Each structure stands twice: as C-alpha cells, then as structure tokens.
2 protein chains.
Amino acid sequence: MWTMDHLPLDQLKKTYGFTPSAEWINRVTQASARLALGCSASFVSADGLVMTNHHCANECLEQLSDKTHDYFTNGYKAPHGQTSEPKCPAMELDGLDHITDVTDQMNKALAGRQGAEFTHAQQATEAALEKDCVAGDPTRWRCDVVTLYHGGRTALYRYRRYQDVRLVMAPDQNAAFFGGDPDNFNFPRYDLDMAFLRVYDGGKPAKTTYFPFDPAGPKDGQLVFTSGNPGSTSREESVAELGFERDVMVPFIVGYYATMDGALWQFGRQSAANRQDAQDELFGIQNSLKVYTGWAETLADPTMLAGKTAFETSLRAWINADPTRARTYGDPWARIDAAIRVERDIFVPYAMLEGRRAPMGVQGDLFSFAKTLVRGTAERDKPDADRLTGWRDANIPAIEAHLASTAPVHPALDETMLALSLTKLRQALGADNETVRLVLGHESPDQLAARLVHQTKLGDAKVRMALWKGGSTAVNASTDPMIVLARTLEPAARALRARMDDEVRAPMRQAAEIIARARFARDGANTYPDATFTQRVSYGVVKGWNERGHDVPAFTDFAGLYKRATGADPFRLTKAWQDAQNRVDLATPFDFVTTNDIIGGNSGSPVIDAQGHAVGLIFDGNIHSLGGDFAYDGSLNRAVAVDTAAIIEALKVVYNNQALADELTRGHL
Amino acid sequence: MWTMDHLPLDQLKKTYGFTPSAEWINRVTQASARLALGCSASFVSADGLVMTNHHCANECLEQLSDKTHDYFTNGYKAPHGQTSEPKCPAMELDGLDHITDVTDQMNKALAGRQGAEFTHAQQATEAALEKDCVAGDPTRWRCDVVTLYHGGRTALYRYRRYQDVRLVMAPDQNAAFFGGDPDNFNFPRYDLDMAFLRVYDGGKPAKTTYFPFDPAGPKDGQLVFTSGNPGSTSREESVAELGFERDVMVPFIVGYYATMDGALWQFGRQSAANRQDAQDELFGIQNSLKVYTGWAETLADPTMLAGKTAFETSLRAWINADPTRARTYGDPWARIDAAIRVERDIFVPYAMLEGRRAPMGVQGDLFSFAKTLVRGTAERDKPDADRLTGWRDANIPAIEAHLASTAPVHPALDETMLALSLTKLRQALGADNETVRLVLGHESPDQLAARLVHQTKLGDAKVRMALWKGGSTAVNASTDPMIVLARTLEPAARALRARMDDEVRAPMRQAAEIIARARFARDGANTYPDATFTQRVSYGVVKGWNERGHDVPAFTDFAGLYKRATGADPFRLTKAWQDAQNRVDLATPFDFVTTNDIIGGNSGSPVIDAQGHAVGLIFDGNIHSLGGDFAYDGSLNRAVAVDTAAIIEALKVVYNNQALADELTRGHL
C-alpha cells in the first residue's frame, strides 16, 4: 500500500525487473479516483467514463429506482447512450490532483500541547490548510489533511471534485453478486461486480486521463498493480489497542450488526417492495459483519499478537538502552494504556450516541438528516478553525449534497432501523440512563419510531434545505419530532465526542507519533503507512493459493459459472444470461485472484499491468485478506477481481452493449 | 453450590452460627424439584403445589393458548380451583429421591480405555446403572448418572418423575417480566416472575413435603439458602478450554443468536399473532444472548484468566516436584491441548449439524420432531448399552412425551426459523460443503423451508407417534420431506458426534479426572463440584452491592414499581395492576438481591430461611453473576428474587386469588 510519492522502486526492479516510467506513474495517479462514500474507481475512457463495483454504485441504483423500475436488481443501461445518462442523486467522485507534505506545519502547531488544547490546535491547523487549499472554490476542489504513520507524517491531499456523476451501465444483481452472502469472501467466485459511471463537467463529459482495457485480461503469474483507496488498516496499532478491539469493540459491533442482519433479513422476506428497499442496507451489513468476524478471528490469533508484542518489546528495549533516547521518546505505551482505559469505559455509549465506524448508533436516513441539521448548523456558526472534523467549510458541499438529495426515503425501512436502534440504545445504556429517559419518555422504541417517521417532514429535500438555510435559529425552533430527537441526543453525543477526542485520540496520536519516530530512527522508512482512504499502489502477481491442503486455481471461467448456477437465489442467473449460454465463449476467464495487498475501500480499484492497461477490477478479498487489517500474509491473502475479458464478453454477448465495449477498448496502448 | 450429601457444616456454624437439623435437610431435599426442560422448582403446599418462574412455565402457557386465549401474555387462573386445572401438554417435573455414589463402578469400567472404547464403556456403564435404577418403571422413576468434579466422582441420581403437571396460576407477562429485555440482569427490578403448577399422581394432587410461605419475606442481612439445579458452570475448566470458548465458541454462538434475535424481533412486529407465537422463543434467545455476552466479558478479563493460569502452573509444579506424582498424574494439560485442537476444527460444523447447547443448528419444532424420529428409532434398534447418551430406555418416556405433545405448531414461525438456520448452515459450512449441497440441492434456504413446512405432516402428533411406533423401518421408508431432511443431515451429524465424543470429550474427561484427583490429593475436598443441573444448596445473605460508586439497595417495593411504569412496553402495567394502586400496601417489598451463588438452571429456586420457610423465589442474577460460570465474586455477584410478601400481596389484591394465598401460607411453621 505504497503512496505514489514513495513507490518501492528498488524492490520492483529487483524482484520483477520493472521500472515504472514517468508516464506510467502519471497515468496511474491521474486515472485513479475514489467515491466519496468509500470506494475506489478509475477512469477508463478519455470521456470521463468511470469503472467501479456494482456494490459501490448500490445507492445510486436504488435511488434512481422507483416502484416500476428496480435498477439495483435488474441492472441499468442508458437507453440512448451518453445523452440519456441519468445523474446519481447523491454521488461524489474525487480525482487525485496533488499531494503536499505538511508535516512541519502540523508538528509546529502541535508542539507542547496536550488534551483539549492539542485537539483544538490540530483542528485549527487542518481547517487553515484545507481552506487555503480549496482556493475559494470548494465545489471544484476537495482538500483533506491526512495523517500518515499515525502522526509520523502529515500530508495535504487535493482532489478534483466531481458532483455530477451519471449512471452509464450496471449489470443485474444476480450477476454482480452471484453466490451472494455464502460465496462472499470465498473463492472460486463468479461475480460480475462492475458498474460504469461518467463524470460531467459543465454539463458535458469530463476529459480524463484513463486506463485503456486490455480485453484479453491478465495471465497466471503476471505482475499486476492495484491503485485504490484502502480505507484503514491497523498494522501500526499497539498491543493495547488490539486488545481493546478484540475484547470490547469487535464483539459489540458484531452483536449489533448480527441483530440488524436478522431484522433486515426478515424485513426483506415480508414483501418484494421491502426486499428492494432493504437490499442495499442488508448487503452493507452482511459485508461488514463478515469483515468484523474476520477481524475477531485474526485478533484471537496468538501468533499475530505475539509478533506485535515482540516488536513493542524490542523497540522499548532499544529506547531504554540509551539514556538520550529514553529522554527523547519516554514511554509512549504508558500513554496508550491510559487512553485505552478511557476508551474501554466510553466506547459503548460513544458508539451508540455519536457513532464510530458507521453504520452504528441511532439508525435511519431520516434521523441522519436530523443529526446533520442539528450538528451542521451549530458548527457552521463557529469560525472554521473551531469546528469539529467533518464540519468545516471544505465539507459543506458534501453536506449540502446529502441534504438536497432527491433520493426517495423508505419509511417502513426507516421505522424498522430506528426502532431497532432505539431498542439497542436502551439495551446498551440501560433504561435508567439519563439520555435514554429523555429520548423515550413514556414511549416504547416501537412507538417512538413510528411516531417520528410518520410525523417528520425531513423526507422532503425542500424542508431540509429550508432548515439548513435557516441555520441554527431555524433548527433550534423546529418542532419536527426527528429534529427534536437529534437535539435531545446532541448534548450527550457532544460530551462523549469531546472525551474521545481529548482523552483518547489526542494522547493516542501523540504516542503513536513518538513510536513512529522511534521506529524511523531505528529502521528507516522501510514500510508504507497504515491505510487512510487515500490513494495507494500495491503490486503483486496473479496467483492461486493452497487452502487447507487443496490448491485453489487463480482463475474461474464462464463454464464454471453455468455449472454453479442452481437456479435458486443466490445462484440464479437471469434469462439474458441463460439465453447467452450457447453464444458466449465458455473458456473466457471470469474472476481471478492476485497477491496484491488490499483492504476495504479498495473495492472498485483497477488491476493494471506494467504497460498501464486495465486488466481487471478488484471487488473483494478472500477470507484470509480480512486479517490484512492487522498484518499481510502473502501465502494466504488474496485480492479478488473481475477479469477485463469477462467484462467485454458480457457487455457484447449478454448485455448487447457493443458501444460501451468499444469505448473501453478504444485506446489500447 | 453444595451437594445435599456434602453440606459445608463447619463454615455455616462458624460464619452464621447455624447448624441445619436433620428435619431441615430432609425438607430441603424433598421439597426441591426441577423441571425437565431446565428450571428449578419447589413444592409449596402439602397438595403438590409447585412454585417456579413464569419464564419456566412459558411453554405450557403458550401451548395451552389458542387464537382467543393468550395465557402467556394475559396470565392464567384455574377458573374453578383444583378441579379445573389444565394439564401442561409437554411438562415433566422431577423430585429428587435418592443419590448413590457410583464412582468405583465407573472408574473400574473405564480403567485403561481410550477414545471410542472409553466412550463406549462409559455409555454402557451409564446405561446399566440407569436401567437398574428405574427398576422397570421408567414412567415413575427417572435416573441420571452424573459426573461430578469432571470425572473425579460419579453419582447416580434417582428422581420421582411427574408427567402429569397442571397449571394453577400465572400472572400476566407485563408483571412477570416488567422491564423486559432492558431490565434483564439488572437491578432494581420489579418482576413478579412466578407461576404455580400442581403435580398429580393417579389423577389426584400428589402429597408432597413442602416449604410453607413466610408472608413477611426476608430481612436485609438475613441468612438465606437457595435450593435448585444450577445448569452448568466452568469453574474447573482448563485455561485451554476457556481460550477455546473465548475465541471460537462464544463468538459463534453470539453471532448466531444475535441474528435470530433480530429476525424474531422483526417477525414479532409483523402482526399480533406473530408476536404471540414468537415471544417464548424470543425470550429464550435474548436471555441466552445476554448470558453469552456476559461470558464474553468475563472470558476477556485478564484477572480471571491469570488466576486460572496460576492455579494450573502451581498444580503442574506440585505434580512435577515429585517423581512418583509425575508418574501417577503425567501431563493431563497436554491431552487437553490436543483435544481442544480437534474441537477448534470441528466446533462450527458440530454446532450447526449436531447442536451444542441448544438452541443451535437447524431450527424449528417440526425439524426437531424429524430429528428425534430419525435418531431415536435408529438408536432404539440397538442394545441399551450401545446407544448414544440421551437415547436410552430411561430417556424414552421424555422422548415419547415430546413426540405425543398436543401443543400447536406455528408454521410461520417454524418456516422463519428453518429458513434462517439453513441460511446460517450454508454460511457456516460454505456452499461447496457436501452436506449443504445434499440438503439444498437446487433450492434456496427460503424455498426449501417453505416447501418443507407446508408439505410435512409432522405437525400432527398422530403422524409422529405412528412413525415412532413403526420404528426405523417406517422412518426410513417415509417420504415426509422433513424426515428426508433429517435423514440427509444424519450421517454428517453422527460422524461429527463420534469425533466430538471420542476425540474431544473422552480425552477431556480423562484429563479433567486426573486434574481433579491431583487437586484432591493436594487440597482435599474443599470445594463443590461444577454445576451439573442437579440439586445444589447455596447459602448467602440478603444484601445490596456497590455499582461503580453508587449503592444498590437490596430491596425494591410496590411504590417503586408504580413509579417506573411509563405506560409503554416493557414498562406497562395491566389495568388490574393500575386499578390496584390505591389498594395495595405500597411499602410491601417486591424483589430483592442476595449473595447466593446461582447460575442458569437456578431459575425457579426457592429462597429458604433457617427455619425452612420459603421467603423468596429466584428468577435471575445481576449482570455480574453471568461471569459466575467461571468464578464467583461475592462483592458483585447477586441473585435476584421475588419476595414472598410481594407474591401474597399481589395474589390477594391484584389477582383476587385468596384461595391460593391461603394454600401458600397455611403451613407456617
């Protein structure tokens, strides 16, 4: 997971005899993009065509659907080519433009500060840097201050922001997620987990640097790269943090998600409309559930923890072996221990009231609007530098896009999610908790959720935007019951946020930065920083693995897909696919695995060859890759991708979309 | 958790100046009982009147309900006293009659045997002992071989078996489970979690030794006893076993139960009928979920594990300090490690296909009938000594009562449970698993569950009993699709059962027995054995505790109940309760806590004073008591009981049941 400005050139040359050209590096930088909601993407034509996963375009597909069109389930094809591509109501795509190292500015601002003062100085510096960077045009530029090596380096990332993202083509869900939950994180896979979007600039397709398709796809053993935005990893985390995650955080999240999984599963069985409304949410929950279950397994692995413990022991010994070093670095692990003690105490209320690693806490789109209005208008009243992270001027365009979205709200689903989360809130904090009493009063979670969802007007974008424009005065005066709920929760949520920021995150960041400095001093910059949902390049080869004694080949093909199709969900193919069985080349590769080091957020990353062609599309990792959050194991961890050969074959033969196939293969190098 | 034949007389005398009389011991033994389904109970009148918890009578209340009567929700009162008490369709109550020490017989039978041979010898010995004990009358006697101290002692328990158990009175669910899930395992509590049953013998109320009520209840600080059947504890378990439970077993069970919790929660919200059908199942799931969540917290506690590790280290050192001891005891922990390695590998498939700690694996009443028929008829064909535990001649009456039960089946609930569990089965074992493929074929879990539930005839007790009488020939020839499912699962389930018995349980038992012997040799019999769902007496005092800095008083009262009643579920009181507010004595104690050491299975235990009066009814523990599975902490662990004063006040004033109140207080000593 190397940053573009620090590629491992020596390793690449030594192992693969490959030296990337300046043109290759420039193409990989400029043609890579990310979706603001948390996926990777790439440009795949000169006219702003974007490739990502079907599961990354879920929201757009659902939001464009209505009672008579279920594009999520049945797929979509712009009926008259470019002129008819509809705008995704709430999608933002960011293309990386520039990276600036701002480590010195940040370190200077933070020097000597502790707790709340530290948090404030950090926020103020970030706000100033970001404000300067967007140069007065936050709808065109997006700037993020990114902490690397847990504070060892700070960088400012500038992105070209596209808020006019349109839908070009998506396959049916049966093909995109063939095998569904049982096959998820497994291999062999037969998923065509792709979607094509297009970014527009001034009402016209944007001009973009891009990866042309190699329609033949990659070969077994071939060197390949992924360029994407891995969301986060915890490879530099201390043993104390890992213990907290194993004992407190992961069990709580798994319990909450599993309950949501069951509730949404049953909700979806009640009617076809319910199923359609809930499928995106359910997919997300089941995916997260599997990720956290994988975490739990890795965190329980004594070998992994032993390795981390050995590293800490040796670094601590190295520090203490020299009095100057002992003075310089002190004992950062003691600070971490103190912060973790606080986090153990406040994690559950924090997760339920303020939310960590969404979706968590009080649920539902309508509540989310209310919380955005209550928090957002109050923060907007403050000087930019005093605001909480996520609520600065630079964030306003994304907040407004969220509030102004014309995507439909699903009241029955919202009511279920709200009722369930209020039930969980009371369960987690207890019926005697002050906030719980204030929120529920004399109502049950079911009664309160029903009343709020039926009475709120926040389903209407105009109402939301009027409140947003009216600012904190309008929001504080509002009697909309969903706003009242968000206002009721706000003081407790803010108090927990302050404790988390000042007593946990600030000292943890300081301690991690000291550890990172000590490590640099001892070992040099011999590794990449933990993932931060910013662009990273990873190299690897197309290669199967050995699973408990039997070899898993690197490729699947169309023949295997038809063999696996039982006819029942989730192993059911649409009629178009059934009809195509005699026309497709059954030997065409379908999905493949590589040794590339990826993690959540890499979904939608292109797989690129040494020439700069797209040869695949990352959509998953195998079950072992879930432990990659804590450590990468090259013998077992595999990235899973759709083969470009499968994409072209399916577009031509199954989806009758020669135009798109042509656009993708036009620029072959 | 002392056994009746080894009460800690010295400790009682020293600490409390109390020496139980022979009459007291006899009364406590004879007036204690248990429900075969897993609760404790006691006789509380000379005419076979039984006191237990409302939540222990759930099944009977649901099974006697129909479309127009919901006794579970609304409560029950036999309309014309004794003559009108209806029979619970599937309830068995066992009164302890006699305990025989059979350690020598068992040790002789097992000496020198390993693996499958060991398992078989153990089964054969148990079968012979039990057969002899029931003396040809298994409908009158129930005999269980019980392993104490993990093999250190073996005892034969004989019970007077009552299969004619009738319903006398139950309060409404709002009162029984006031505060519902949010208040569960908390205190203060305001639950009237009681139910009264009556055992009949030859069509007449049985004559029983009993605990007369003290209608004043206990005082703060008073010495009290509980007599009940704690289900199981793990206090003698090795560190390796605890690690397996923490890393593999508990996370898997919590994930499965949380999903069921969510699914049943949403199922219940669909209609009033659904809610009624699912409430018993949902209560059980939520209760178990809380128990296992408590386990997870305790297992993650480094102090607890450090204590266990220190014990093992010191015992190992003691063994190795003497060559004779080293020869005698060897290294039992190495054997445990090897067994745990197997259990880690097979636990998930075992849990899903064979079931451990029910409910687990494939779900639903209809499937449970099918599995009983397939397994039961095959086992019945073998000599008693060759059968698996649970399928011997001594178990036949309970099996037949289950199959012949006239309790209604709820098809919608059954279909949901079956679909969910088949989904989980495929998820846990993978779509490529042989058994999963055999079971699902070309159907989805939803399709298969719908077809099976609609086509099976096993909802009819006559059909079940015909198959049972027809034996394995009839069952093997049956085309009933639920039987076909059970038959399809059976080979894999049996194979896993054999591995679990031979490669895990047998060596674990042998190792535990060696450890128990070494411990006896070093420390003497200074403690009680792990709980085994057999009668145990625990002593303690009525006493509050300090919860994170604030004192929790030992008692609640009626005034507090009315104050807590918001009017919304689960803090809603029925009209009868609301109307009674002006008539009850608001200062009457309601629930109270004691330091008695209890665990699941103790539900329904009487709280007894030094004279032999009933002064309370155990129905729960506080959240800290959940960790009691692994260690008892007297500063925090509390048992939670209904006060006999509350029972009498509610019967008289709220439920207008003077006759029952009179029967309960008639024999005051």
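Colleague: How many bridges join strand β4 of chain B to β8(B)?

Modeller: Do keep in mind that this is a predicted model. Strand β4 (residues 76-77) of chain B and β8(B) run antiparallel. Within this pairing, B:K77 stands opposite B:M169 in β8(B). The number of bridges joining the two strands is 2.

Colleague: Which residue is the bridge partner of B:V165 in β9(B)?

Modeller: β8(B) also pairs with strand β9 (residues 195-201) of chain B, again in the antiparallel sense. That pairing runs over 4 bridges. For B:V165, the partner in β9(B) is B:V199.

Colleague: Why is strand β8 of chain B described as largely enclosed by the rest of the structure?

Modeller: Let's look at its residues, 165-170. A residue counts as buried when its relative accessible area is under 20%. The strand is largely enclosed because the buried residues number 6 of the 6.

Colleague: How many disulfides does a search of the whole structure find, over all chains?

Modeller: One of them joins A:C39 to A:C56, and B:C39 and B:C56 form another. Counting bonded cysteines along the chain, the disulfides of chain A follow the pattern 1-2, 3-4, 5-6. Over all chains, the search finds 6.

Colleague: Is the disulfide of A:C39 and A:C56 left-handed or right-handed?

Modeller: The two sulfur atoms lie 2.1 Å apart. A:C39 belongs to strand β2 (residues 39-43) of chain A, while A:C56 sits in the loop between β3 and α3, 17 residues apart. The torsion about the S-S bond is about -75°, so the disulfide is left-handed.

Colleague: Are A:C39 and A:C56 buried or exposed?

Modeller: Buried means under 20% relative accessible area. A:C39 has a relative accessibility of 10%, and A:C56 has a relative accessible area of 10%. Therefore A:C39 and A:C56 are buried.

Colleague: How many residues apart are B:C60 and B:C88?

Modeller: A disulfide joins B:C60 to B:C88, with 2.1 Å from S to S. Its torsion is about -80°, so this disulfide is left-handed. B:C60 lies in helix α3 of chain B and B:C88 in the loop between β4 and β5, which puts the pair 28 residues apart.

Colleague: What kind of axis relates chain B to chain A?

Modeller: Two copies of a chain are related by a rotation about an axis and a shift along it. Here a rotation of 180° with 0.0 Å of shift superposes chain B on chain A, at an RMSD of 0.1 Å. That is the relation of a two-fold axis.

Terms used. Residues are numbered from 1 along each chain as its sequence is written. Chains are lettered from A and ligands numbered from 1 in the order in which they are written. This is a predicted model: local features need pLDDT of at least 70, side-chain atom pairs count only at pLDDT 80 or more; totals for chains, interfaces and linings use all residues. Side-chain values use heavy atoms; hydrogens and water are left out. Copies are superposed by least squares on the C-alpha atoms of residues with pLDDT of at least 70 in both. Buried means under 20% relative accessible area, exposed over 50%, partly exposed in between (1.4 Å probe, protein chains only). Two strands pair if DSSP finds at least two bridges between them. A disulfide is a pair of cysteine sulfur atoms within 2.5 Å.
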